[in-house]
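Welcome, and please open your viewer before reading on. Each stop of this tour tells you what to select and what you will find there.

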Number of protein chains: 2
Amino acid sequence: MTGKVRVSAFGVSVDGFGAGPDQSLENPLGRGGPLLHHWFFPTDAFRTQHLGQPGETGVDDEFGKRSMQGLGAWILGRNMFAHSRGPWAEDDAWKGWWGDEPPYRCDVFVLTHHPRPSFAMKGGTTFHFVTNGAAAALERARAAAGDLDVRIGGGAATIRQYLRMRAIDEMHVAVSPVVLGVGEPLWAGLDLPALGYDVVESTAGERATHLKIVRKDPR
Amino acid sequence: MTGKVRVSAFGVSVDGFGAGPDQSLENPLGRGGPLLHHWFFPTDAFRTQHLGQPGETGVDDEFGKRSMQGLGAWILGRNMFAHSRGPWAEDDAWKGWWGDEPPYRCDVFVLTHHPRPSFAMKGGTTFHFVTNGAAAALERARAAAGDLDVRIGGGAATIRQYLRMRAIDEMHVAVSPVVLGVGEPLWAGLDLPALGYDVVESTAGERATHLKIVRKDPR
């Protein structure tokens, strides 16, 4: 049995943006981007993991906790791993946004046009850099995950790419009650019904509406 | 005291469409468009008005009922009034989608490039055809409404036009848990925060999420 390919806890604005514009070292989520995660920050799921302190329980927290369960590998777009662009520096000191002990605790495949050697972090996370495309990264992630799930972490452009490939089995999107106006579009130009996707569940959380979107037909 | 200019009970999909594609006599809401109103059809508000039968009460119904209260005039885009395009036929028999006794019961201003005489319907609705632009239509609607509200009925293009003019004070949008993939975009290319708009309330209904969006600064 092989696991699912899924998106979880991906925050999106009412007007369809998955991140704000102008990502930078100071603004890893882009301007206004943190607004998309206001539902997540107060949860026990987030606070336990990132601050070592308890947080709120409830519907949002349930979705937050589930988003980290049953995962055997991750795929991230380059821009979700780093603010830098272009070729990596030799012995690049940048090891991601997540400090010494990233929350992944498994293999993480980063899509990039520029080769870089894999490296391991504390807690079981190993970052790999895949230069031969999204399909190749998925194949490696599936192999690494075994019967656990592969999570497509983001950003929006990476999720769009895998949706177009019809490679995502299941998506949990948290729609935050905000408008951004500009940023990284998640839905724009994607005909989800034509790709076989449908919303099958909508659950009101304390600070976001949680949607479950699935691909109806088998791969 | 003058009333508000508002949008109410406007259905939109998760991916931002306010109607389906290919509007026609058979498909007044476009292909898939009725999905945007599945929250509204079972409500007491809808059924009492359109079928003369009681319906479900609850959160969705509350929003449905409020959408029809306190209105003194409406503005509709041409395509929301008729499936025809271009000049009106002489003595055009088309009197809107709503039968002999339309639910408006006040003055309704239809935006069109083509002149047509006003006409009155049973129950107090009078349709006027405004050929000198959205601002002129709004001026006439405000005058007709007095201290009641002007409702911008739609479609999506008409709402977008008035949002760009910053003429809308308050918007109630019902986000249905569906994706359409194609259709009439509501949000695309609109920078709502830059126009002064913000989401100030999100309420979970039985079949949709109800958002209140307001323009923060005075006109």
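Start by selecting Gly155(B), which sits in the loop between strand S7 (149-154) and helix H5 (156-164) of chain B. Helices (H or I, at least four residues) and strands (E, at least two) are DSSP runs, numbered from the N terminus. The bond to look at joins Gly154(B) and Gly155(B): this peptide bond is cis, with omega about 0°. Most peptide bonds are trans. Chain A has a cis peptide bond too, between Gly154(A) and Gly155(A), with omega about 0°.

A word on what you are viewing: this is a predicted model, in which local features need pLDDT of at least 70 and side-chain atom pairs count only at pLDDT 80 or more, while totals for chains, interfaces and linings use all residues. Residues are numbered from 1 along each chain as its sequence is written, and chains are lettered from A and ligands numbered from 1 in the order in which they are written.

**Two backbone angles in chain B**

Select Ala9(B), found in strand S1 (residues 5-13) of chain B. Its phi is near 55°, a positive value in a residue other than glycine. Is Ala9(B) buried or exposed? Ala9(B) is buried, with 25 other C-beta atoms within 10 Å. (A residue is buried if 20 or more other C-beta atoms lie within 10 Å of its own, exposed if 12 or fewer, and partly exposed in between; C-beta atoms are placed from the backbone.)

Now go to Asp91(B), in the loop between helix H3 (78-81) and strand S4 (107-111) of chain B. Phi is positive here as well, near 50°. Asp91(B) counts as exposed, with 6 C-beta neighbours inside 10 Å.

**The sheet of chain A**

Show chain A as a cartoon. Nine strands form an open sheet with mixed pairing, in the order S5-S6-S4-S3-S7-S1-S8-S11-S10. Two strands pair if DSSP finds at least two bridges between them. Strands S5 (119-120) and S10 (197-204) of chain A stand at the edges, each with a single partner strand, so one side of each has no neighbour in the sheet.

Which strand runs parallel to strand S3 (residues 71-77) of chain A, joined to it by five bridges? That is strand S7 (residues 149-154) of chain A, where Ile152(A) is the bridge partner of Ile75(A). Helix H4 (residues 134-145) of chain A packs on the sheet, and its direction makes about 160° with that of S3(A). (Axes are lines fitted to C-alpha atoms, for helices over the stretch in contact, and angles run from 0 to 180 degrees between N-to-C directions.)

Move on to S10(A), which runs antiparallel to strand S11 (residues 209-215) of chain A over seven bridges. A hairpin of four residues connects S10(A) to S11(A). Pick Thr203(A) and its bridge partner His210(A), then Tyr197(A), which stands opposite Arg215(A).

**Where the chains touch**

Finally, show both chains: 23 residues of chain B are in contact with 23 residues of chain A. (Two residues are in contact if their C-beta atoms, placed from the backbone, lie within 7 Å.) On the side of chain B that touches chain A, the largest share, five residues, comes from S10(B). That side has 16 nonpolar, four polar and three charged residues. Here Ala, Val, Leu, Ile, Met, Phe, Trp, Tyr, Cys and Pro count as nonpolar, Asp, Glu, Lys and Arg as charged, and the others, Gly among them, as polar.
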